[in-house]
Every structure is written in C-alpha cells, then in structure tokens.
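Here is a short briefing on one protein chain. Look at the sequence and the structure first, then read the points below.

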Amino acid sequence: MSPDSRIPGSVRSAAEINEHIRALWLRAGGTLSAQERSEYELLVVEWAAAIRDQIIEAA
C-alpha cells in the first residue's frame, strides 16, 4: 500500500493511545460499562492504525 492510498489515521502515537487505554481500564476498575466498552473498541482500532503507520514508516 502506498502512502498516498492510506486512509488518514490517528495523529496520536500508539504509545499515547495505549496510555488512554490503560487509564480507561484503571478508571473502570477492570470491568467496562457499555459506554466504556465502546470507547475501548474505538481506542483499540485507533491504536492498531497507529501501529500500522509506524510499521509502514519503518519500512
């Protein structure tokens, strides 16, 4: 996939997103509500895109 054909991803780094995920779990006490679960799922998708971008940049 060329850089021009990529869908614009997150401007946050994977590390920053990971910190948000960790904070969410800490706030939730290990059990996510439905709203927290939705937030978690969005963060995981954003994190995966950021990781993918890092791999592409490294290549």
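Glu-36 touches Leu-24, Ala-28 and Thr-31, leaving aside residues up to four places away in sequence. The structure is a predicted model.

**Glu-36**
- Glu-36 lies in helix α2.
- Glu-36 is buried but has no salt bridge.
- A salt bridge needs a side-chain nitrogen of Lys or Arg within 4 Å of a carboxyl oxygen of Asp or Glu.

**The nonpolar core**
- The largest nonpolar core consists of 8 residues: Ala-14, Ile-17, Ile-21, Leu-24, Ala-28, Leu-32, Leu-43 and Ala-50.
- Two elements, α1 (14–28) and α2, each give two or more residues to this core.
- Helix α1 supplies the largest share of this core, with 5 residues.
- Leu-24 and Ala-28 belong to this core, and both are touched by Glu-36.

**Arg-52**
- Arg-52 is also placed in helix α2, which covers residues 34–58.
- Arg-52 counts as partly exposed because its relative accessibility is 47%.
- Arg-52 and Ala-14 are 38 residues apart along the chain, and their C-alpha atoms are separated by 9.4 Å.
- Ala-14 is one of the residues of the largest nonpolar core.

**Confidence**
- The protein chain has an average pLDDT of 85, and 83% of the residues score at least 70.
- Over residues 1–7 the pLDDT is below 50.
- This stretch, residues 1–7, has 3 contacts in the model beyond near neighbours in sequence.

How values were computed:
Residues numbered from 1 in each chain as written. Predicted model: local features only at pLDDT ≥ 70, side-chain atom pairs only at ≥ 80, totals over all residues. Heavy atoms only, no water. Helix = DSSP H or I, 4+ residues; strand = E, 2+ residues; numbered from the N terminus. Buried < 20%, exposed > 50% of the residue type's maximum accessible area, 1.4 Å probe, protein only. Lys, Arg positive; Asp, Glu negative; His and termini not counted. Contact = heavy atoms within 4.5 Å. Core = buried A, V, L, I, M, F, W, Y, C linked by side-chain atoms within 4.5 Å. pLDDT = per-residue confidence, 0-100.
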